[in-house]
Every structure is written in structure tokens, then in C-alpha cells.
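Dear colleague,

I am passing on a structure that I would like you to look at. Please open it alongside this email, as my notes on it come directly after.

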Amino acid sequence: MSNTPMAASPLTRAVLEIDEYASGLGWDQPARLFALVDTARLRVQEPSLAAQLGLGEESETAGLTPIEQDEIPSGKPLDEFLGTIAWPDAVVGCALTVERMMLPPSAEAQVPQGLSEAKLTKWVAEHPERQEVRMTVAVLRDGGRESALRLREKDSSTEVLTGPALVPGLAEALAATFAD
């Protein structure tokens, strides 16, 4: 993941690193969940794991290391699954990458009212202005947030949009995994 551009904050770098990793797997992938751990603390407390992850002494010290978690169950809605997560104290944040279809704001007025979720999904999938997007959203225990969006039609690391408030609903759901 050495092609990740330098970013202002460790959280932004972690989000871009996860986005690059997901990009390397291609499209039409399941959602992926990551624990975010403090890199320096990981080196001290889990030196063999740090070595396995390629976090040698020369690596950056003030960063976050994403660690992919077990596969998300496919038969369970994502919001229900996230409601079952509890993180150990060593995890300082978490991130999720997920693919979705979206419509531009100009198409929102065309959405038929009263559709079931399945019919709405089908309607969006068949809409000529639909866009496939990969969203990577990360939150920290202390409230920090960051997101990266990549459109399938502009699948390039130079076309990734980042910002803390791009996917607020998903950020809230991830932040809730740290609630007591």
C-alpha cells in the first residue's frame, strides 16, 4: 500500500490506504470492516504482528494501522451487524468500505413514492444516471471522522474525494460501535 499519497492526518492516510487496498481487489466486493490501531502501540505490544504487517522500525511512528476483520455476514443488514460490534480498548477507531449505487441530486425528485426497499433498490439500479461508488468511512473513539469516495467510472487514486462529512449516516453507525 505504498502508493497511498501523503495526507494531512493519520486518519486520512488510513482511509486512503484502505481505499487503495479495496481498489486493488476490484469492484463488486462485499463490505469490509477494519479495526484501526495506533501503529507505535502495536509495535510495542504486538511486535510479531507488527513485523507480519511490515511495520518495521523505519516506518512512520505517528500513524494508524488498519487491520481487516472477519468477513461481514452476507445475510444480515449492515446496520444490524454494526449494532453487534464491541471493540477492545486497543482499537482506537474503525473503518468500513462498502459499495453502493447512488443518484445525483437532480434525480432525487424523480424517485417514486411508496416503494418497498427492494423495489427502490431495483429502481435506482435501473436509473440511467446511477453511479456506482465505493465509500470508505472511518471514525475514531475521540470523535475524529474521515471518508473517501471513489466512483467506478473514475476509478483512479487521483479521483478519490475525501472529507470528514461525506457519508454522515455511516459515520454515525460506526461511531455507535464505540458507545458504552
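Predicted model: local features only at pLDDT ≥ 70, side-chain atom pairs only at ≥ 80, totals over all residues.

Strands. Strand β3 (residues 91-102) has partners that include β1 (residues 32-38), with which it pairs in the antiparallel sense over six bridges, and β4 (residues 131-140), with which it also pairs in the antiparallel sense, over 10 bridges. To find your way, you could look for V37, whose bridge partner in β3 is V91, and for R100, which stands opposite V133 in β4.

Cores. The largest nonpolar core has 26 residues, and the members that touch the most others are L33, W87, L96 and L174. At least two residues of this core come from each of β1, α4 (78-82), β3, β4 and α6 (168-175). Helix α1 (residues 10-25) has 16 residues and reaches 23 Å from its first C-alpha to its last, which is close to the 22 Å expected at 1.5 Å a residue. Its buried residues are L11, T12, R13, A14, V15, L16, I18, D19 and A22, and they pack against β1, β2 (64-68), β3, β4, β5 (145-151) and β6 (161-163). Just after α1, G26 takes a positive phi of about 90°.

Aromatic rings. The structure holds two aromatic pairs. In one of them, the ring centres of Y21 and F34 are 6.0 Å apart and the planes stand at 90°, so this pair is edge-to-face. Y21 belongs to helix α1 and F34 to strand β1, 13 residues apart, and the pair therefore links distant parts of the chain. Y21 is partly exposed, with a relative accessible area of 28%, whereas F34 is buried, with a relative accessible area of 4%.

W87 and F178 form a stacked pair, with 6.2 Å from centre to centre and 25° between the planes. Because W87 lies in the loop between α4 and β3 and F178 in the segment after α6, this pair ties together parts that are 91 residues apart in sequence. W87 and F178 are both buried.

A further ring to look at is that of W27, over which the charged end of R134 sits, 4.1 Å from the ring centre.

With best wishes

Terms used. Residues numbered from 1 in each chain as written. Heavy atoms only, no water. Pairing = 2+ DSSP bridges. Helix = DSSP H or I, 4+ residues; strand = E, 2+ residues; numbered from the N terminus. Core = buried A, V, L, I, M, F, W, Y, C linked by side-chain atoms within 4.5 Å. Buried < 20%, exposed > 50% of the residue type's maximum accessible area, 1.4 Å probe, protein only. Expected span 1.5 Å × (residues − 1). Contact = heavy atoms within 4.5 Å. Phe/Tyr/Trp six-rings, centres within 6.5 Å; stacked < 30°, edge-to-face > 60°. Lys NZ or Arg CZ within 6 Å of the ring centre and 35° of its normal.
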